[in-house]
Amino acid sequence: MTERKPPGVPFESWVDKQIRDAERRGEFDQLPGTGQPLPEITDTAYDELWWIKRKMAREGLSVLPPALALRKEAEDALAAAYAAPSERLVRKIVTDVNVKLRDMMFKPPPGPPLGMQPYDVEAVVREWRERRATAGKTDGTKGTDGA
């Protein structure tokens with residue numbers, strides 16, 4: 001534990017002394033990345049919030065407002081439904097995202113409006129079947145229903 005700053009000593013001088021003493025003792029010698037530039041900021045313009053953005057990326061956090069995050073999730077769910085291997089899975093994916101869409105429609109959060117309605121499950125299944133039939137014709141395989 002470091003000692004307390006003595007009264008009457010300027011803070012900057014005290015901190016500088018602490019750093020010099022630690023350098024003399026070799027406490028900085030074995031740190032990872034010693035002598036190397038900081039990653040991710042050497043090739044770009046300086047950004048004061050680089051460390052916050054890096055931490056958020058590392059921890060998988062999002063800065064989108066809830067409505068925009070749900071819109072992205074709904075679009076990803078629709079793409080996943082179209083790529084699903086079975087009709088049962090298509091229905092589950094669309095039904096699950098519809099629950100979230102309906103919740104947000106009736107309890108809107110602050111921020112921009114959602115601007116989406118729940119998907120029509122039958123319409124998505126119909127589109128999924130058509131895509132599977134078209135894909136089956138082009139690759140020589142026959143699509144399966146999986147219901």
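Student: Which residues are linked in a network of salt bridges?
Tutor: Glu-87, Arg-91, Glu-122 and Arg-129 are. Keep in mind that this is a predicted model.

Student: Take Arg-129. What does it form a salt bridge with?
Tutor: Arg-129 pairs with Glu-87. Their closest N and O atoms are 2.6 Å apart. The pair links distant parts of the chain: Arg-129 is in helix α5, residues 121–139, and Glu-87 is in helix α4, residues 87–106. They are 42 residues apart.

Student: Is Glu-87 buried or exposed?
Tutor: Buried. Its relative accessible area is 5%, and the cut-off for buried is under 20%. Arg-129 has 42% relative accessibility, so it counts as partly exposed.

Student: How accessible are Glu-122 and Arg-91?
Tutor: Both fall in the partly exposed class. Glu-122 has a relative accessible area of 40%. For Arg-91 the value is 26%.

Student: How many salt bridges are there in the whole structure?
Tutor: The search finds 11. One of them joins Arg-131 and Glu-127, with the closest N and O atoms 2.9 Å apart.

Student: How far apart are Arg-131 and Glu-127 in helix α5?
Tutor: They are 4 residues apart, so about one helical turn separates them. Arg-131 is partly exposed at 40% relative accessibility. Glu-127 is partly exposed too, at 27%.

Student: Which ring does Arg-131 lie over?
Tutor: The ring of Tyr-82. Arg-131 lies over its face, at 3.8 Å from the ring centre.

Student: Where is Tyr-82, and what does it touch?
Tutor: Tyr-82 is in helix α3. Leaving out residues up to four places away in sequence, it touches Val-124, Glu-127, Trp-128 and Arg-131.

Student: How exposed is Tyr-82?
Tutor: Partly, with a relative accessible area of 21%. The buried class stops under 20%.

Student: OK, switching to the nonpolar core. Which residues touch the most other members?
Tutor: The largest nonpolar core has 20 residues. Val-90, Val-94, Leu-101, Leu-114, Tyr-119 and Val-124 touch the most other members. Helices α3 (66–83), α4 and α5 each supply at least two residues of this core.

Student: What does Val-124 touch?
Tutor: Leu-78, Ala-81, Tyr-82, Val-90, Val-94 and Tyr-119, not counting residues up to four places away in sequence. Val-90, Val-94 and Tyr-119 are also among the core residues that touch the most other members.

Student: How far is Tyr-82 from Val-94?
Tutor: Their C-alpha atoms are separated by 9.9 Å. Along the chain they are 12 residues apart.

Student: What about Ala-83? Buried or exposed?
Tutor: Exposed, at 62% relative accessibility. Ala-83 is in helix α3. Its C-alpha is 8.0 Å from that of Trp-128, 45 residues apart along the chain.

Student: And Ala-80, where is it found?
Tutor: Also in helix α3. Ala-80 is partly exposed, with a relative accessible area of 35%. C-alpha to C-alpha, Ala-80 and Ile-93 are 7.6 Å apart, and 13 residues apart in sequence.

Student: Zoom out. How many helices and strands?
Tutor: 5 helices and 0 strands. From the N terminus on, the order is α-α-α-α-α.

Student: What share of the chain counts as buried?
Tutor: 19% of the 147 residues. The protein chain exposes about 11400 Å², and carbon and sulfur atoms supply 58% of that area.

Student: Last one. What share of the contacts join residues at least 24 apart?
Tutor: 54%, among contacts between residues at least 6 apart in sequence.

Methods. Residues are numbered from 1 along each chain as its sequence is written. This is a predicted model: local features need pLDDT of at least 70, side-chain atom pairs count only at pLDDT 80 or more; totals for chains, interfaces and linings use all residues. Side-chain values use heavy atoms; hydrogens and water are left out. Buried means under 20% relative accessible area, exposed over 50%, partly exposed in between (1.4 Å probe, protein chains only). Contact means heavy atoms within 4.5 Å. Accessible areas come from the Shrake-Rupley method with a 1.4 Å probe; for residues, only the protein chains shown count as cover. A salt bridge is a side-chain nitrogen of Lys or Arg within 4 Å of a carboxyl oxygen of Asp or Glu. A nonpolar core is a set of buried Ala, Val, Leu, Ile, Met, Phe, Trp, Tyr and Cys residues joined through side-chain atoms within 4.5 Å. A charge sits over a ring if NZ of Lys or CZ of Arg is within 6 Å of the ring centre and within 35 degrees of the ring normal.
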